[in-house]
Amino acid sequence: MGLIDLGKTLRASTRPLDIIYVIDTSWSMGGRKIEAVNRAMHELERLLCDEAKKNPLADVKVRILAFNNEKAYWHLKERTSAESFKYDDIVSVEGGTPFGSALDKIAEALSDNDSIRGLPPIIVVMSDGWPTDAWEVSLERLLSTPWGKKATKIAIAIGKEPDKEILAQFTGDPSLVLTANDTGTLVEYIKWSSTLVSQVSQLFVGDGTGNTTRISVPEPLSMIMDDTVEII
């Protein structure tokens with residue numbers, strides 16, 4: 001087989017893999033919390049690009065959803081390739097925590113991009129508070145969609161305020177709810193999320209079993225202290 005034919009074969013074998021970051025931008029996320037999120041998301045530009053290169057059979061696409069006040073909104077709406085992904089800082093935080101609205105947006109997005117060839121998507125939620133809307137029906141709606149049910153769902157609970165039981169209902173597994181009580185740990189967990197690209201690709205492309213319980217989560221991190229780290 002020639003190089004041109006090999007290239008065509010690889011492109012035909014590529015399977016879409018969406019990773020959606022869902023960021024709480026309510027008023028309580030102001031200051032050092034959103035600053036830490038912004039810092040980590042910028043580091044993901046390189047990390048996700050590296051992960052995509054290591055997994056050529058996965059066509060990695062990135063999107064970012066934010067939620068505050070009474071609704072969720074797309075901070076990065078277009079499905080952007082990992083190689084082209086550039087993050088714009090979130091500068092405005094306000095209002096409540098409409099988690100249900102965010103779940104509805106995710107369900108809608110996954111339904112619009114349903115593909116039998118695609119890999120199950122990755123959804124990473126970051127929140128520091130309690131939902132301020134009716135999230136239960138929205139979660140049921142998300143889990144009733146084919147990709148919502150199959151997605152790898154991770155939650156990063158920021159500080160001591162989030163309801164981890166609610167986040168565990170979202171992830172489907174309490175071990176997939178990570179707790180960050182300082183800005184250093186928060187940054188490290190967001191950076192770790194880039195490794196999910198390799199984990200999901202290997203699970204589904206490698207042996208076809210695709211068992212979410214096999215996702216390897218990091219051990220709980222001790223407080224990472226340096227001059228830039230603060231308690232949150």
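Two residues are said to be in contact here when heavy atoms of each lie within 4.5 Å, and by that rule Val37, leaving aside its neighbours within four places in sequence, touches Ile23, Met29, Tyr87, Met126, Leu186 and Ile190. The model is a predicted one, in which local features need pLDDT of at least 70 and side-chain atom pairs count only at pLDDT 80 or more, while totals for chains, interfaces and linings use all residues. Residues are numbered from 1 along each chain as its sequence is written, and side-chain values use heavy atoms, with hydrogens and water left out.

**Overall fold**

- The protein has eight helices and six strands, where helices (H or I, at least four residues) and strands (E, at least two) are DSSP runs numbered from the N terminus.
- Read from the N terminus, these elements follow the order α-β-α-β-β-α-β-α-α-β-α-β-α-α.
- Of the 232 residues, 52% count as buried, a word that stands for under 20% relative accessible area, with exposed meaning over 50% and partly exposed the range in between (1.4 Å probe, protein chains only).
- Among contacts in the protein with a separation of 6 or more, 77% are made by residues 24 or more positions apart.

**Nonpolar cores**

- A nonpolar core is a set of buried Ala, Val, Leu, Ile, Met, Phe, Trp, Tyr and Cys residues joined through side-chain atoms within 4.5 Å; the largest one has 44 residues, and Tyr21, Val37 and Met41 are those with the most contacts inside it.
- At least two residues of this core come from each of β1 (15-24), α2, β2, β4 (122-127), β5 (152-158), β6 (177-180), α7 (183-192) and α8 (196-206), and the largest share, nine residues, is supplied by α2.
- Apart from this core lies another, of 27 residues, which includes Ala72, Ala107, Leu110 and Ile123.

**Leu48 in helix α2**

- Leu48 is part of helix α2 (residues 32-54), and it counts as buried because its relative accessibility is 0%.
- Leaving aside neighbours within four places in sequence, the residues in contact with Leu48 are Ile19, Tyr21, Val62, Ala82, Phe85, Ser194 and Val197.
- Glu83 is 35 residues from Leu48 along the chain, and the C-alpha atoms of these two residues are separated by 7.6 Å.

**Aromatic pairs**

- The structure holds two aromatic pairs, a pair being rings of Phe, Tyr and Trp (its six-membered ring) whose centres lie within 6.5 Å, with planes under 30 degrees apart called stacked, over 60 edge-to-face and the rest tilted.
- Phe67 and Phe99 form a tilted pair, at 6.2 Å centre to centre and 40° between the planes; this pair links distant parts of the chain, since Phe67 is in strand β2 (residues 58-68) and Phe99 in helix α3 (residues 99-112), 32 residues apart.
- Phe67 counts as buried because its relative accessibility is 0%, and Phe99 counts as buried because its value is 4%.
- Phe99 and Phe170 form an edge-to-face pair, at 6.0 Å centre to centre and 75° between the planes, and this pair also links distant parts of the chain, with Phe99 in helix α3 and Phe170 in helix α6 (residues 164-171), 71 residues apart.
- Phe170, like Phe99, is buried, and Phe67, Phe99 and Phe170 form one aromatic cluster.

**Cavities**

- On a 1 Å grid over the protein atoms alone, a cavity is a set of points where a 1.4 Å probe fits but cannot get out, and its lining residues have an atom within 4 Å of a point.
- Grid points are joined across faces, edges and corners, and a volume is the space filled by probe spheres set on the points; the count by this rule is two cavities of 30 Å³ or more.
- The second largest cavity holds about 60 Å³ of space, and its lining is made up of Phe67, Thr97, Phe99, Ser127, Gly129, Trp130, Pro131, Asp163, Ile166 and Leu167.

**Two loop residues**

- Asn69 lies in the loop between β2 and β3 (71-81) and has a positive phi of about 50° although it is not a glycine.
- Asn69 counts as partly exposed because its relative accessibility is 35%.
- Lys86, in the loop between β3 and α3, counts as exposed because its relative accessibility is 58%.
- Lys86 and His42 are 44 residues apart in sequence, and 7.4 Å apart in space from C-alpha to C-alpha.

Note on methods: 1 Å grid on protein atoms, 1.4 Å probe; cavity = no way out; pocket = protein on both sides within 12 Å on 5 of 7 lines; lining within 4 Å.
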